[in-house]
Amino acid sequence: MDYTGDPAGAPAYLDAATAAPLHPVAREALMAALADGWADPARLYAAGRRARQLHDAATAVVAEVLGVRPDEVTFWPSGTAAAQAAVLGGLGGRKRAGRTLVHSAIEHSSVLHAARTTEVVEVGVDRLGRLDLDAWATAVSGAGVALASLIGASHEVGTMQPVTAAAGFCADAGVPLFVDAAQIAGRAPLPSGWSLLSASAHKWGGPPGVGVLVVRKGVRWLSPYPQDDLYRPGSPGTLALPEVVAAAASLRAAAGEARAEAARLSPLVDRIRERVAATVPDVEIVGDPVDRLPHLVTFSCLYVDGEALLHALDRRGFAVSSGSSCTSSTLRPSHVLEAMGVLSHGNVRVSLHRDTTETDVERFLAVLPELVAGIRKEAGM
Amino acid sequence: MITLDCRGLRCPIPVIRLAKAMPGVAVGEIVRVLADDPAAAGDIPAWCRMKGQEFVAADGHAYDVRRIT
């Protein structure tokens, strides 16, 4: 006899901001490059030259999509590695100017971890998660500032940051600006004015294990790692070339689809924002409702344990993430929610991708109110 | 003044205790919540904002809330 327990329904993966499902183009490119790009690109024989060609072609594609020069692009083992190389290498290149890193209060934790190696000035955000530009202008023009770091759009709440304006203040102060574009690359147009930029392939539908670092010409960057005698500084060790090839191919595909996908997903985010506010009592929808990423929405439910809600959703087949403290290894609430001054418990982040359907969103919206009500009832609310 | 000792309890429990205590608080009166979960620092003021109550002050692990409605 078949087991007929609580039917979970068809699974719906709604955590693209952590890792988007592999784009079909990435899958194809990966299989082809596994067959053709396994050799060491530095070697002087046919297989090595073939690998070098693949590497250079992938670099050219990424450069073209990002609107930069190929010799400004390097690949790293992850978005975290690329972001940390940007921060540490950017600081290293500006040692003579000082050792202070100015960063927003809502940077990705990988940047905050790198920031622990130096002196920092943290700049706050408003309730919607937007950078305080006046405080930023003051901070970057301070003495001894080596580098500034601003996430392009919040990975937790989706609010777009005023990067171009922030970059203007950096330029006035002669301070290079690093932008973490992990949630923007392949989804929305890149901002301008920055000196260093990082991205992460598995956020746009590429394979995990590929980060991208761009260092613009004329920006001083010193590798924080031991370097070999190759011409260009970059990630130490052998790259996962097949994954890099797949990352590049899928970035081109994602960027080509980005406008249409944003037009499809952004109204679904609006629908989630409106429907959750209407159907779940005592809920706070977080982040800028308009100037935001097209695919990401965050909300917090009063009196709800975030971990309990994640598990309840998982049992119904929905994969989402949370900034609540009970879901973090440190048992601290998300520093992003904290900086915004919004409710941190009962927090859910939903992020959509090219496979997300309207039906998935409707199913999610249909089950959420009863799950929240069930958890509140258990807590006696 | 009513004091709710929520030390050692993790969010959302301190906020739940605060909400449950409210009906027994006179308008204008202050409730002090003792909570050492770091999430309380943001969540108690956020609760006040969402529920239209006044967040008076925080002092270490003590959070004072005034019932105004």
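A residue counts as buried if 20 or more other C-beta atoms lie within 10 Å of its own. I start with that cut-off and keep in mind that this is a predicted model.

**Entry 1: chain B as a whole.** I checked burial in chain B. Of its 69 residues, 35% count as buried. Next I listed the elements. Chain B has two helices and four strands. From the N terminus on, I read their order as β-α-β-α-β-β. I then looked up the radius of gyration of chain B, which is 10 Å. The globule rule gives 11 Å for 69 residues, and the two values are close, so chain B is as compact as a globular protein of that length. The C-alpha trace spans about 30 × 20 × 20 Å along its principal axes. I also looked at contacts in chain B with a separation of 6 or more. Residues 24 or more positions apart account for 58% of them.

**Entry 2: V33(B).** I picked one residue in strand β2 (residues 30-34) of chain B, namely V33(B). Is V33(B) buried or exposed? I found 24 C-beta neighbours inside 10 Å, so V33(B) counts as buried. I set aside its neighbours within four places in sequence. V33(B) is then in contact with L4(B), C6(B), P14(B), L18(B), I44(B), Y63(B) and V65(B). I also took the C-alpha to C-alpha distance from V33(B) to G8(B). They are 12 Å apart in space and 25 residues apart in sequence.

**Entry 3: a strand pair in chain A.** I moved to β3 (residues 100-104) and β4 (residues 119-123) of chain A. These strands run parallel and are joined by five bridges. Opposite S104(A) I found V123(A) in β4(A). Between the strands, the chain passes through helix α4 (residues 109-115) of chain A, and this β-α-β crossover is right-handed.

Note on methods. Residues are numbered from 1 along each chain as its sequence is written. Chains are lettered from A and ligands numbered from 1 in the order in which they are written. This is a predicted model: local features need pLDDT of at least 70, side-chain atom pairs count only at pLDDT 80 or more; totals for chains, interfaces and linings use all residues. Two strands pair if DSSP finds at least two bridges between them. A crossover is right-handed if, with the strands pointing away from the viewer, the path from the first strand over the helix to the second runs clockwise. A residue is buried if 20 or more other C-beta atoms lie within 10 Å of its own, exposed if 12 or fewer, and partly exposed in between; C-beta atoms are placed from the backbone. Two residues are in contact if their C-beta atoms, placed from the backbone, lie within 7 Å. The radius of gyration is taken over C-alpha atoms; the globule rule is 2.2 Å times the number of residues to the power 0.38.
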